[in-house]
Amino acid sequence: MRDGEQRSTADDYLHRADHALHEEGNLHDSRRWFEAAYQEAERSGDSGALARAALGLGGIWLNEHRTTAESVMINTRQEHALAGIRPDSALAVRLCVRLAAERDNRTGEHATVMRALAHARTAGDPVTLAEALSLAHHCLMSPEHQDLRFELAQELVGVASRTRRRGDLLMGLLWWTVDLFLAADPHAERSLRELCERLAARDHPAIGFVIDAIEVMLLIRAGRFEQAERAAAACAERGTAAGDVNAVGWYGAQLVTIRWYQGRVAELLPLLSDLVNSSALCHADYAYFPALAVAAAEAGDRRLAETMMARLRDITLPPAKNWLAAMYGLVEAAHLLDDEAMAARAYDLLQPYARLPMIASRGVACFGSAHQSLGLAALTMGQVERAAEHFGEALRANRALGHWPAAALSRWRLGHVLVRLGGPRDELMMAEKEAAELGMALPEVRGTQARAAGPSVAVCSNGGRWWRVELAGRTALVKSSVGMRHLAVLIANPRREIRSIDLVAGGEDTPAHSAQPLLDEYAERTYVARMAELEEEIGELEAAHDLERAAVLRSERDWLISELTASTGLGGRARNFTDDHERARVAVAKAIRRALTHIAEADEVIGAELRATVRTGVRCSYLPR
């Protein structure tokens with residue numbers, strides 16, 4: 001009776017474990033009951049119960065046990081249990097499928113599990129086939145298997161009607177929904193709603209955790225960053241409660257995505273440094289290496305960034321789980337580090353998947369169209385026209401996805417490329433507006449190759465008391481001055497010679513003998529008004545004993561006085577340049593040199609480039625390289 005009682009206890013544990021796993025979707029509880037069943041079956045010598053328990057300990061996903069010790073232990077138990085049962089039984093086939101899938105998942109392969117699936121189709125058992133379909137689907141998450149995944153998901157939904165296990169139908173619908181998102185199918189959200197409606201009546205935490213993660217992705221796509229961050233934290237809590245080991249890694253991926261679009265990814269350097277070595281991550285998941293490279297590069301830690309990139313050089317060839325998301329980070333890091341070789345390699349690898357969105361795992365995070373990374377890789381290689389084509393495609397694709405932060409980023413980079421090609425800056429202005437509305441920060445287009453990827457043409461825009469100077473993805477804000485006005489005319493007319501006397505007169509085609517004041521009335525009024533403001537501010541600072549800042553403002557006041565003095569004659573009357581080209585040449589050259597000095601103080605790179613490309617003399621010009 002004692003052996004019979006133990007077998008009965010093992011069967012009871014197995015019943016509870018199966019119910020927790022396939023009906024309730026609680027991975028944590030199911031593991032506890034399967035472990036108890038395994039211990040009881042081992043003591044009683046019940047090989048069938050031992051095999052069922054060992055199989056159940058694998059869970060519903062692959063690699064649910066991440067540490068080396070746990071993974072090897074479960075694998076050993078399953079192989080031991082398989083040896084103790086009939087090799088032609090349905091239970092043996094189920095164990096063979098699980099072992100094959102786990103092996104393929106570790107190595108990024110799929111041939112072994114596909115052979116096991118073919119065997120499962122001949123077994124005649126719907127439960128065996130349902131498990132084989134789901135596990136095979138899990139091993140085919142790389143982008144080249146998109147069509148095959150759709151077939152497996154659809155077959156699983158059909159088989160689920162024969163297994164009478166609630167979890168099989170939910171799993172089939174989930175894989176189908178995930179595949180729609182990965183393919184950028186417009187019906188993806190409709191499928192998600194159907195799945196949510198099923199769970200509304202009765203929860204399934206394991207499936208619900210994935211749905212919550214997809215909902216976080218959609219919030220990020222909508223640009224609702226604060227709400228997405230709260231939802232990501234709640235999603236992680238739900239995953240932990242359900243016993244899903246992905247809770248930690250997925251939360252990290254979601255936080256990286258949010259911070260990336262907020263321009264704050266460098267803040268995550270400590271977190272990412274921990275995550276790349278975390279036992280919570282799957283062995284085949286290398287997406288955090290490029291994420292850490294980007295964060296390190298943004299934080300100015302070039303050595304760490306280059307170390308992470310070096311680790312990626314041998315793992316960019318075989319597409320695998322999270323491959324597209326990893327490639328997004330790799331291209332961004334290559335651009336920041338000016339790694340033309342890595343950008344070229346990434347471009348070749350990504351090209352076949354240009355039409356796909358760059359989504360992590362089962363819909364955890366989305367970085368928009370793959371055209372975005374293809375464009376940036378082309379730009380890093382110096383292929384500016386090709387980059388423009390990809391950024392244009394990315395903008396269209398991201399708008400179709402409803403991914404507004406990615407669309408703003410695509411428009412921003414497209415705008416920079418178009419300006420370098422001599423086009424208007426309309427796209428840049430629109431991208432800045434969109435980014436401001438979303439509360440996101442637009443990154444600089446940086447790197448030696450990026451700056452050399454076509455004509456570097458500066459752009460000037462007047463903001464009242466300030467001028468905005470943009471060049472090769474960089475920006476400098478400079479206070480308004482006569483020299484800035486002259487410089488703006490030259491920049492607006494690249495490669496065109498303009499007489500100094502015409503610049504003084506305030507236009508390009510003023511007759512040589514017209515009498516124009518060196519300072520026009522508007523400029524003089526602006527200078528006088530600014531001097532009055534400075535006098536007041538200097539008085540306040542001196543009263544507060546802030547002598548350092550007061551000295552800075554006095555320097556500006558003295559400069560204004562010198563400008564007004566130089567441009568007026570006896571009795572304070574404005575001096576006229578009638579036919580005095582030499583005097584105009586000297587005045588314009590001095591004013592432009594002062595403006596260039598102020599630009600260099602704001603941005604050394606822009607200042608150096610303009611000094612090298614602006615010519616002054618009797619005739620002045622801007623000759624962009």
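User: How do I read the packing of helix α21 (residues 404-420) against helix α22 (residues 426-438), and at what angle do their axes cross?

Analyst: Two packed helices are described by the angle between their axes and the distance between those axes. In this predicted model, where local features need pLDDT of at least 70, side-chain atom pairs count only at pLDDT 80 or more, and totals for chains, interfaces and linings use all residues, the axes of α21 and α22 come within 8 Å and cross at roughly 155°. Axes are lines fitted to C-alpha atoms, for helices over the stretch in contact, with angles from 0 to 180 degrees between N-to-C directions. The two helices are therefore roughly antiparallel to each other, a label for angles over 145 degrees.

User: Which residues of α21 and α22 meet?

Analyst: On the α21 side they are W404, P405, A408, R411, W412, L414, G415, H416, L418 and V419, and these meet E427, L428, M430, A431, E432, E434, A435 and L438 of α22; contact here means heavy atoms within 4.5 Å. Residues are numbered from 1 along each chain as its sequence is written, and side-chain values use heavy atoms, with hydrogens and water left out.

User: How should I read a sheet, and what is the order of the open sheet of three strands?

Analyst: The order here is β3-β4-β5, with antiparallel pairing, and strands count as paired if DSSP finds at least two bridges between them. The edge strands, each pairing on one side only, are β3 (459-462) and β5, and neighbouring strands of this sheet are turned by 20° against each other on average, direction ignored. Four bridges join β3 to β4, with S461 standing opposite R468 of β4, whereas β4 (residues 466-471) and β5 pair over six bridges, one of the facing pairs being E470 and T475. Two residues lie between the strands in the hairpin of β4 and β5, where A472 takes a positive phi near 50°.

User: Which side chains of strand β5 (residues 474-479) are buried?

Analyst: The side chains of β5 alternate along the strand: R474, A476 and V478 point to one face and are buried (under 20% relative accessible area; exposed is over 50%, and partly exposed lies in between, with a 1.4 Å probe and protein chains only).

User: Is E102 buried or exposed?

Analyst: E102, found in helix α5 (residues 90-107), is buried, with a relative accessible area of 10%. Leaving aside its neighbours within four places in sequence, E102 is in contact with W61, L62 and N63.

User: How many helices and strands does the chain have?

Analyst: The chain has 29 helices and ten strands, taken as DSSP runs numbered from the N terminus (helices H or I, at least four residues; strands E, at least two). Buried residues make up 56% of its 625 residues, and of the contacts with a separation of 6 or more, 64% are between residues 24 or more positions apart.

Notes: Angles under 35 degrees count as roughly parallel, over 145 as roughly antiparallel, 65 to 115 as roughly perpendicular and the rest as oblique.
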